[in-house]
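Thanks for sending this one over. Here are my notes, in the order in which I would walk through the model with you.

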Amino acid sequence: MFRNGSSVKTFYFYHQMKKKTIYHDIQFAKANDQKLLAILLDPDKIVLAELTILIDKINQSPATHVFIGGSLVENDILDDLILRIKQDCILPVVLFPGHSSQISNHADGILFLSLLSGRNPDYLIEHQVKAAPILKRTQLEILSTAYILIESGGETAVERVSKTKPISRDNIDLVLATAQAGEMLGSKLIYLEAGSGAQKAVPLKMIEQIVQNTDVPLIVGGGIVDFQGIQNAYQSGADLVVIGTAFEKDADFFNVQINS
């Protein structure tokens, strides 16, 4: 994917001009076996003074989307961060919120998450109810997403904040049933999440089973730390892979992978 990153990006954005919505573009990419890549930025970990360099690194990468969000987000730079990114980057900016307070009309879209792997009603529906009136006043494209947390070898920020337990990485049947339930409820996307800084990525066999038994696009993130991990997820059927911690730790992540 890295060696053909520019051609994938050109293909993707040619179609984006035609379809005009993030979701239709993802569907089109899925139908044409064009793999997508999102760089996840956590506002709490961004230094605005260094943002120009970071945006340049994103522009040089094979990324097709920028996701913005975090489990907490305790600073107030969200609007400024998005506006600065959109000044110098043509990629769609999609909110990946951990709370209803993490909404900005300056983004292009939002993953409207329901944490189906847990049973905490706050993350199943309560935060969504609080967010709905706010979202109705925005122009954001709303992408309903079945969010499924997978056990990854240690407690992650999502687990701590949501006060829910991930599904065992060995219980593929339960993960599949949960994903299918999300699809039947009308979710446009399924997101298998190992969690920020996960020790283990989502099992490849799990990705394969979800892809073979559901029809909506699949996002996979958490615990992917190198080129081979991205390729493995793609080969198992993931439509969009999310890289967060690896890019946070090294903004030259993609340059290193391409040249290695």
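1. Strands β2 and β3 (residues 93-95) run parallel and are joined by 3 bridges; strands here are DSSP E runs of at least two residues, helices are H or I runs of at least four, and both are numbered from the N terminus. Two strands count as paired if DSSP finds at least two bridges between them. Within this pairing, I68 has L95 of β3 as its bridge partner.

2. A word on what you are looking at: this is a predicted model, in which local features need pLDDT of at least 70 and side-chain atom pairs count only at pLDDT 80 or more, while totals for chains, interfaces and linings use all residues. Residues are numbered from 1 along each chain as its sequence is written, and side-chain values use heavy atoms, with hydrogens and water left out.

3. On its other pairing, β2 meets β1 in the parallel sense over 4 bridges. Here I68 of β2 is the bridge partner of L41. Both faces of β2 are covered: H65 and F67 on one side are buried, and so are V66 and I68 on the other. Buried stands for under 20% relative accessible area, exposed for over 50%, and partly exposed for in between (1.4 Å probe, protein chains only).

4. Which positions does UniProt mark as "binding site"? The unreviewed entry places this feature at D42 and S71. They are spread over 30 residues of sequence yet cluster in space, with a largest C-alpha distance of 8.6 Å. Both D42 and S71 belong to the lining of the largest pocket. A pocket is an open set of points on a 1 Å grid over the protein atoms alone, where a 1.4 Å probe fits, with protein on both sides within 12 Å along at least five of seven lines; lining residues have an atom within 4 Å of a point. Do bear in mind that UniProt annotations may be inferred rather than shown by experiment.

5. D42 sits in the loop between β1 (36-41) and α3 (51-60). D42 counts as buried because its relative accessibility is 14%. Its side chain reaches the backbone nitrogen of D44 at 3.0 Å. Beyond four places in sequence, D42 touches G69, G70, V73 and E248, where contact means heavy atoms within 4.5 Å.

6. S71 is in the loop between β2 (65-68) and α4 (78-88). Leaving aside neighbours within four places in sequence, S71 is in contact with G98, Q102, A157, V158 and V161.

7. Next, F247, which lies in helix α10 (residues 245-249). Buried or exposed? F247 counts as buried, because its relative accessibility is 2%. The C-alpha atoms of F247 and L41 are separated by 8.6 Å, although the two residues are 206 apart along the chain. Leaving aside neighbours within four places, the contacts of F247 include I39, L41, L54 and F254.

8. Finally, S114 is in strand β4 (residues 109-115), and with a relative accessible area of 16% it is buried. Among the residues that S114 touches, not counting those up to four places away, are Y123, Q128 and Y147.

Notes: Polar contact = N/O pair within 3.5 Å; in protein donor to acceptor, adjacent residues only side chain to side chain.
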